[in-house]
Amino acid sequence: MKLNVVEDGQAQDIEVSIRCPRIDGRVRSIMASVSALDRKLMGEVDGQTRILAAKDVLYADTVDGRTFLYTESAVLESRLRLREVEEALEGTEFVRISKSALVNFDHVRALRPFANARLELILDNGEHSIASRQYAPAIKEKLGL
């Protein structure tokens with residue numbers, strides 16, 4: 001892979017171009033990473049609304065009809081439903097792993113098979129999440145398996 005950066009004082013914004021022989025997993029990963037750079041989510045903690053970069057969210061889940069965003073250091077409640085969070089993060093490294101959870105694949109450290117065709121995901125912070133067998137094929141596809 002070759003990386004070219006051209007500094008242009010006349011440019012109005014950052015422009016990213018990818019030239020490749022075919023779109024493969026590496027290209028998709030680059031596209032997702034670039035796409036996630038500007039994505040923001042809002043969550044509430046301690047009576048404050050905070051804005052956080054999507055890349056800082058490890059995972060999101062729903063408990064008792066409430067959606068939570070988990071970072072390395074905080075748990076924030078989102079006003080969005082999980083489906084709305086998923087739509088806001090479309091095209092990034094976030095993947096649905098169950099009816100009630102999304103995971104940021106940039107923070108998945110390891111995977112291993114789990115009972116009944118499910119997958120266990122181990123995150124950067126050491127937490128374990130289980131991907132249901134319904135969503136396991138999408139995860140394997142994301143990995144190119």
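**View 1. Confidence along the protein chain.** In this predicted model, the protein chain has an average pLDDT of 90, and 99% of the residues score at least 70. Confidence in the protein chain is lowest in helix α1, residues 25–36, where the mean is 79, and highest in β4, where it is 97.

**View 2. The open sheet β8-β9-β10.** Three strands form an open sheet in the order β8-β9-β10, and their pairing is antiparallel. Because β8 (108–114) and β10 (128–131) stand at the edges with a single partner strand each, one side of each of these two strands is left without a neighbour in the sheet. Neighbouring strands of this sheet are turned against each other by 25° on average, direction ignored. Strands of a sheet pair through backbone hydrogen bonds, in either a parallel or an antiparallel sense. Between β8 and strand β9 (residues 118–123), the antiparallel pairing runs over six bridges, and valine 108 has leucine 123 in β9 as its bridge partner.

View 3. The largest nonpolar core holds 16 residues, of which Ile97, Val103, Leu121 and Ile139 touch the most other members. Two or more residues of this core are given by each of the elements β4 (66–70), β6 (94–98), β7 (101–104), β9 and α3 (136–143), and the largest share, three residues, comes from β9.

**View 4. The surroundings of isoleucine 97.** Isoleucine 97 is one of the residues that touch the most other members of the largest nonpolar core. When its neighbours within four places in sequence are left aside, isoleucine 97 is in contact with Val103, Leu121 and Ile139, and also with Ser129, Ile130, Ala131, Ser132 and Tyr135.

**View 5. Threonine 67, a buried residue of strand β4.** Threonine 67 has its place in strand β4, the element in which confidence is highest, at 97. Its relative accessibility is 2%, and therefore threonine 67 counts as buried, the cut-off for this being under 20% relative accessible area. A polar atom of the threonine 67 side chain lies 3.4 Å from the backbone nitrogen of leucine 82.

Conventions: Residues are numbered from 1 along each chain as its sequence is written. This is a predicted model: local features need pLDDT of at least 70, side-chain atom pairs count only at pLDDT 80 or more; totals for chains, interfaces and linings use all residues. Side-chain values use heavy atoms; hydrogens and water are left out. Two strands pair if DSSP finds at least two bridges between them. Helices (H or I, at least four residues) and strands (E, at least two) are DSSP runs, numbered from the N terminus. Axes are lines fitted to C-alpha atoms, for helices over the stretch in contact, and angles run from 0 to 180 degrees between N-to-C directions. A nonpolar core is a set of buried Ala, Val, Leu, Ile, Met, Phe, Trp, Tyr and Cys residues joined through side-chain atoms within 4.5 Å. Buried means under 20% relative accessible area, exposed over 50%, partly exposed in between (1.4 Å probe, protein chains only). Contact means heavy atoms within 4.5 Å. A polar contact is a pair of N or O atoms within 3.5 Å; within protein, one must be able to donate a hydrogen and the other to accept it, and residues adjacent in sequence count only if both atoms are side-chain atoms. pLDDT is the predictor's confidence in each residue, from 0 to 100.
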